[in-house]
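Dear colleague,

I am handing over the structure below, and I would be grateful if you could look through it before reading on. My notes on what was found in it follow after it.

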There are 2 protein chains.
Amino acid sequence: MNKKTRTVFYISDNTAVAAHHIGQSLLTQFQDFYFRQIFKTFVDTLSVAWEVANEITKTANAEGQKPIVFSSLVNPETRQIILQSDGVVFDIYDAFLEKMENELRVASTPTIGRSYRIFDETSYQIRINAVNYTLAHDDGLTRKDYHKADVIITGLSRTGKTPTCVYLAMQFGINAANYPMTEDDFYSTDKNLSLILSPYHTKLFGLTIDADRLHVLRTKRIPNSRYSSLKQCQTEVRMAEDFFNSTNIPYVNITKMSVEEIAAHIMHEKNLQRRIN
Amino acid sequence: MNKKTRTVFYISDNTAVAAHHIGQSLLTQFQDFYFRQIFKTFVDTLSVAWEVANEITKTANAEGQKPIVFSSLVNPETRQIILQSDGVVFDIYDAFLEKMENELRVASTPTIGRSYRIFDETSYQIRINAVNYTLAHDDGLTRKDYHKADVIITGLSRTGKTPTCVYLAMQFGINAANYPMTEDDFYSTDKNLSLILSPYHTKLFGLTIDADRLHVLRTKRIPNSRYSSLKQCQTEVRMAEDFFNSTNIPYVNITKMSVEEIAAHIMHEKNLQRRIN
């Protein structure tokens, strides 16, 4: 079936991260539509706001239907300009700010550039350190400092370890090391954790994936190889899952998960606390 | 002045990413408060919802004031349970879903696990490839494949190049290479771009920082060194900015910016389009 198309604008006087997330939350509830997305960041002057409002109205005229507009404009003046456009405006501050002011019993102090995470010295440091830690420990580059890891993600090649670790570091300030599984791990004589990993048993978390999906991902990397063959993928996945089970490493099948979901799942399962605001 | 404290809950049947961003947008408008933040992810059964509702009510009783609750629960039943707690509930779907249904003239199909970016094959691939590209080109590791870069971020040591590149890759699917500036770049005989960079002039974007802030950041890394001395930081910052100016590389001073803001600024200035939903 052909999906109906709607144009969506995300408007912010800053990064549009918040407007985007709200939009995503709502739009994913309507799977029968295709949403063409346009981002307008740093809409921080009246003239730029008028330009955007005009673009919305022109789009409405051209498409014969109103664009959907998610706005996190902090400045009441630019917000009013967007409200005069021919879009259907969903505005975070319109929806929630008054209720919040009533609850906190103070007026807000609207300031452009505060629509997302404000600069925070401690969080900045923690985040940089976590990203540096994670990059230094990507792909088993070094096993030094595993004692400083909050979590050690392990799994076969192409199971999403690296993006997961990077996301954990970036969004939660978590030191996430990445230990790629190899056949050596499966064949360790005592059917137990390798000497490298055993001191860190409680930090381990495994990623697994459906073999046919792994086959697709590996084929994109190295087509027509033993590495990417369905048979090899099936064997490795079975051995990896056996390994996780026999060594009591918690794990998750990431076949249909986004990086956000994998990361949130690990935070939840390992009872990790975010380190940054 | 002592900040007033309020407890904040973020509740989601999935990752709580959306609830968190909305909360951040609103809370940053109230700078006189300290917000103690509690995350409740994967609230996907009625019994877990009741546990969370009870925790909210207990917190209200213990603190003598209602916690603030940001919810992105998709399931109407769990949402109702949270609404019965003693919190002040800000709910994305309560606020916006009906308006969206009216506009799109269809009912939504609420499904747990859709509260954030759904799994999307193309985006997944683009994102993984961008993260891999960015890590391979971190810290000038290799200058091969600069022609595949969407942007090449350059700047002095400790100006936030790596987290910025990682964020660009992760959130926007952008191939972001990272070229650390050294004194060799400043002293190139023709006062021009080095031979390495000159073919990629249009892809370059510079990061700079206040010298006293750089001094603080470098001191945390290597205290009492020439590298971290204020004098050295002042010299390097001046030379870096002279270099950006004389070679016409656009740049931004990141002293008071979050990684989100730096990344959004670069997307905007370099007119880059996000590659993922």
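**Confidence and conventions**

Chain A has an average pLDDT of 89, and 93% of the residues score at least 70, where pLDDT is the predictor's confidence in each residue, on a scale from 0 to 100. For the model, the scores are ipTM 0.83 and pTM 0.84. Please keep in mind that this is a predicted model, in which local features need pLDDT of at least 70 and side-chain atom pairs count only at pLDDT 80 or more, while totals for chains, interfaces and linings use all residues. Residues are numbered from 1 along each chain as its sequence is written, and chains are lettered from A and ligands numbered from 1 in the order in which they are written.

**How the two chains meet**

Chain A is superposed on chain B by a rotation of 180 degrees with 0.0 Å of shift along its axis, at an RMSD of 0.1 Å (copies are superposed by least squares on the C-alpha atoms of residues with pLDDT of at least 70 in both). That is the relation of a two-fold axis. The same surface serves both copies, since 100% of the contact residues of chain A recur in chain B.

The contact takes 61 residues from chain A and 61 residues from chain B, two residues being in contact if their C-beta atoms, placed from the backbone, lie within 7 Å. On the side of chain A that touches chain B, the elements giving two or more residues include α1 (17–27), β2 (33–40), α4 (92–104) and α10 (259–269) of chain A; here helices (H or I, at least four residues) and strands (E, at least two) are DSSP runs, numbered from the N terminus. Helix α4(A) gives the most to this side, with eight residues. By class, this side of chain A has 33 nonpolar, 17 polar and eleven charged residues, where Ala, Val, Leu, Ile, Met, Phe, Trp, Tyr, Cys and Pro count as nonpolar, Asp, Glu, Lys and Arg as charged, and the others, Gly among them, as polar.

**Inside each chain**

The domain assignment of chain A gives domain 1 (4–104) and domain 2 (121–269), with bounds that come from an automatic or database domain assignment. The C-alpha centres of domain 1 of chain A and domain 2 of chain A lie 38 Å apart.

Chain A has an open sheet of four strands in the order β2-β1-β3-β4, with parallel pairing (two strands pair if DSSP finds at least two bridges between them). Strands β2 and β4 of chain A stand at the edges, each with a single partner strand, so one side of each is left without a neighbour in the sheet. Neighbouring strands of this sheet are turned by 25 degrees against each other on average, direction ignored; axes are lines fitted to C-alpha atoms, for helices over the stretch in contact, and angles run from 0 to 180 degrees between N-to-C directions. Strand β1 (residues 4–11) of chain A pairs with β2(A) in the parallel sense over eight bridges, and V8(A) stands opposite Q37(A) in β2(A). Helix α2 (residues 46–63) of chain A lies across β1, β2 and β3 (68–71) of chain A, running at about 175 degrees to β1(A).

In chain B, strand β1 (residues 4–11) and strand β3 (residues 68–71) pair in the parallel sense over four bridges, with V8(B) opposite I68(B) in β3(B).

With kind regards
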